[in-house]
Amino acid sequence: MLTSSFELKLDPKTFQSPSLGNFNEVNSIGRPITSLTSNDDSSVVENGAGEPLYNAEIYGSLRKGGAIDFFSLECVGLVAATFASTFSIECLNSVIQPMLKEHFGLKTAELAASQRLTSIPLVFSFFIGLLSDCYPIFGFRRKGYLLIGLTITVLSLFVLSGLDGYIETLEVGTAGTGLAVAIITFATLASTGNIIAYVCVHTRVLELSQREPLGMRGAIQATYLIFRCVVYIFTDACAYLVSLTTTHHCTPLLASGLVIALSIPLVWKAWQEKYYSLSTPMKTRGQILWRIMQQKAVWSILVFMCFSTLFSGITFSGPSVVISVWAGASGDDSFVQQVMYYGAMLGTVVVWRHYFMNRPWRSFYGMATVLLVIPQIIVAICVTQDIIRDRYFYRFVTLFTSISAGISWISSMAPLTEIMQEGSEGAMVGLMLSMYFLVSIFVQTNSVGLFDGTNFYNIAEVAMDTPNARSDVLKALLLNYGIHALAFIGLFFLPRQKLDTQQLRSYGGYTKCASAAILAFAVVLFVYTLTITALTLNPSTSCMRIAGGQGC
């Protein structure tokens with residue numbers, strides 16, 4: 001009889017998430033049907049009336065190889081690369097902006113513009129993934145590019161350390177614009193190395209996830225995301241401890257470069273992946289990907305991700321700062337906030353892994369919007385109307401926004417696993433990341449411009465905490481949360497679960513205009529971001545409201 005107890009565990013209707021201890025039994029399910037029956041043409045009749053035939057090709061893995069543990073010997077190189085990639089990203093985020101502010105006195109809008117410039121390489125994730133798919137380095141599509149990315153990051157951090165050390169020798173306020181340009185340039189170069197490494201690591205994790213059977217597909221993703229959260233907290237703790245001992249940035253930059261450099265030999269030695277002896281012309285791979293983007297399953301998930309990222313990310317920064325001040329939480333330690341943020345995300349991933357991994361996507365991912373909107377409405381009403389103005393209450397309730405971010409983080413990986421096509425994994429991952437970063441940068445571009453929100457209230461009245469100011473700030477926040485709620489629209493495009501996605505891939509058909517629409521959308525966002533950044537950094541146009549100024 002083919003129906004086993006473990007088959008019932010894998011049935012999505014049971015909504016259970018098998019544990020890693022079931023790997024051996026899972027591997028047998030992932031084999032071809034021939035390994036389960038003695039006859040390739042066996043049928044329900046031949047297996048006995050009333051006995052359902054278990055189809056391993058539907059309920060099994062998406063590629064050969066069998067499930068694997070993230071912390072197994074086979075993944076030592078992947079773990080090292082994940083640590084190095086995460087450590088470098090968080091280090092760069094915690095150092096560059098303080099450097100520019102301290103040495104050059106950049107304003108908020110200028111700091112935001114410089115951050116956008118250093119984030120530009122993230123937009124090219126698609127080309128990085130496509131390049132790695134087309135032209136393997138010494139037969140490996142990820143390893144060579146990963147090592148190149150880590151090396152670029154290390155060298156850039158060393159140069160940034162030297163630049164900071166040189167600026168420290170100058171008198172305060174004498175550092176020229178050329179040095180600011182140099183810092184932004186090498187920070188952008190370090191960001192380029194980071195995204196190359198990140199695309200390679202992310203792609204490899206999803207490739208391994210496709211080796212997992214249906215019932216436990218996502219287990220390695222959960223472990224990977226949990227590990228990243230731990231490394232983020234560790235990096236922030238290191239940065240916090242260093243900040244207590246020195247105000248210079250050259251030492252932490254140098255130390256970070258050395259830590260990342262130490263991981264390179266381990267990645268070189270222990271990284272494992274399939275060997276590819278032949279390259280594929282980029283034109284050919286691009287034509288294949290153009291056709292893939294027309295699949296309804298692919299563009300539907302892209303639309304969901306764009307809606308979710310866009311509407312969940314829009315935040316009126318002005319009113320948000322006002323209620324944090326009124327709640328007495330504006331001066332809270334940034335390190336504690338980061339620990340709370342990543343700690344909540346870590347807990348969210350753990351809960352998803354054990355209880356929600358096989359539950360319907362729409363209901364679970366829809367909770368990201370619910371947890372983003374409802375708690376913030378409660379805080380807004382309580383704080384603006386002076387019902388509860390307590391920093392601990394404020395921080396506790398805003399933890400739910402971190403949980404929402406954790407759910408959104410998961411939603412950027414789990415659906416993508418189901419639509420990746422073998423041979424175009426890097427390009428698919430890069431496409432999703434490029435779209436995500438384009439939308440995120442667009443939102444961040446307007447956070448000090450169109451989405452500032454200070455036009456909804458009178459700043460003088462806010463300072464005096466008048467009834468009119470309270471009402472105006474509350475209205476602005478409710479409008480903001482109403483925009484967040486529009487993220488629900490994206491759920492209509494999201495398939496219900498894993499099998500539904502596979503069915504949509506097979507029978508959902510193609511939409512010929514989808515590829516062109518995706519490309520046009522990406523180009524518009526990219527051009528807009530570059531234009532606003534240029535307006536912000538140009539002294540003659542930085543006064544424009546769209547560029548974050550007060551009006552010319």
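H4 is mostly covered, with 22 of its 29 residues buried, where buried means under 20% relative accessible area, exposed over 50% and partly exposed in between (1.4 Å probe, protein chains only). Just after H4, glycine 105 takes a positive phi of about 60°.

A word on what you're looking at: this is a predicted model, in which local features need pLDDT of at least 70, side-chain atom pairs count only at pLDDT 80 or more, and totals for chains, interfaces and linings use all residues. Residues are numbered from 1 along each chain as its sequence is written, and side-chain values use heavy atoms, with hydrogens and water left out.

Now hop over to helix H14 (residues 334–356). Its buried residues include Tyr342, Met345 and Trp352, and the buried residues of H14 pack against H4 (76–104), H9 (219–245), H15 (361–384), H16 (391–411) and H17 (414–419).

Finally, how far can you trust all this? pLDDT is the predictor's confidence in each residue, from 0 to 100. The chain's mean pLDDT is 84, and 88% of its residues reach 70 or more. Over residues 1–58, though, the pLDDT is below 50. Where pLDDT is low, the predicted coordinates should not be read in detail.

Technical notes. Contact means heavy atoms within 4.5 Å. Helices (H or I, at least four residues) and strands (E, at least two) are DSSP runs, numbered from the N terminus.
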